[in-house]
Amino acid sequence: MRFLFRALTLVFMVALGEAVGDRMRWTRKEMVEIAGYGELKLSSVILTASLLSSSSHPISGATVGIMCHTGHRRRSKVIKAVTNDFGQFTIDLPSDLHAIPDLDKACSIKPLSVPKPYRCSHKIHRGIKLVSSSNGLRFYTAGNITLH
């Protein structure tokens with residue numbers, strides 16, 4: 001008798017679960033809304049700067065990186081960019097770094113590799129400065145970074 005009761009209970013639970021399961025299947029859009037995240041970008045953090053030689057010529061093709069202290073002696077991964085013909089670069093920071101308090105104090109830019117004609121000491125770390133902020137869009141700059 002006890003076996004029959006357990007078997008009927010199990011059958012009932014499975015049937016009820018499948019009936020409820022059909023109603024509880026959500027679309028991707030519904031899951032994104034429930035979880036509270038998705039493709040809609042709520043903020044953007046853009047960083048710009050220029051890389052110059054000691055004779056004030058733009059350095060094109062150089063790789064620069066930005067690193068941010070995320071707290072507890074941890075640093076973020078290096079976000080890289082390559083300078084254009086005018087020595088300028090732009091980095092759109094990943095959203096996991098947007099909430100770092102005092103971003104201008106936590107992040108610094110460093111040249112990672114420089115083309116052969118401009119080989120010089122690139123052991124420079126340059127801080128960033130907030131230029132403007134409105135409607136979830138923040139612009140930072142490191143100005144002109146001159147290599148010696």
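Cys68 and Cys107 are joined in a disulfide, with their sulfur atoms 1.9 Å apart. The pair links distant parts of the chain, since Cys68 lies in strand S2 (residues 63-71) and Cys107 in strand S6 (residues 107-113), 39 residues apart. The structure, which is a predicted model, holds 1 disulfide.

The torsion about the S-S bond of Cys68 and Cys107 is about 105°, so the disulfide is right-handed. Both partners are also set away from the surface: Cys68 is buried, and Cys107 is buried too.

The chain contains 3 helices and 9 strands. Read from the N terminus, the order of elements is α-α-β-β-β-β-β-α-β-β-β-β.

Turning to the chain overall, 28% of its 148 residues count as buried, and Cys68 and Cys107 are buried residues. Among contacts in the chain with a separation of 6 or more, 58% are made by residues 24 or more positions apart. The accessible surface of the chain amounts to about 10700 Å². Carbon and sulfur atoms contribute 58% of that accessible surface.

Definitions and conventions: Residues numbered from 1 in each chain as written. Predicted model: local features only at pLDDT ≥ 70, side-chain atom pairs only at ≥ 80, totals over all residues. Heavy atoms only, no water. Disulfide = S-S within 2.5 Å. Helix = DSSP H or I, 4+ residues; strand = E, 2+ residues; numbered from the N terminus. Buried < 20%, exposed > 50% of the residue type's maximum accessible area, 1.4 Å probe, protein only. Contact = heavy atoms within 4.5 Å. Areas by Shrake-Rupley, 256 points an atom, 1.4 Å probe, with all protein chains shown as cover.
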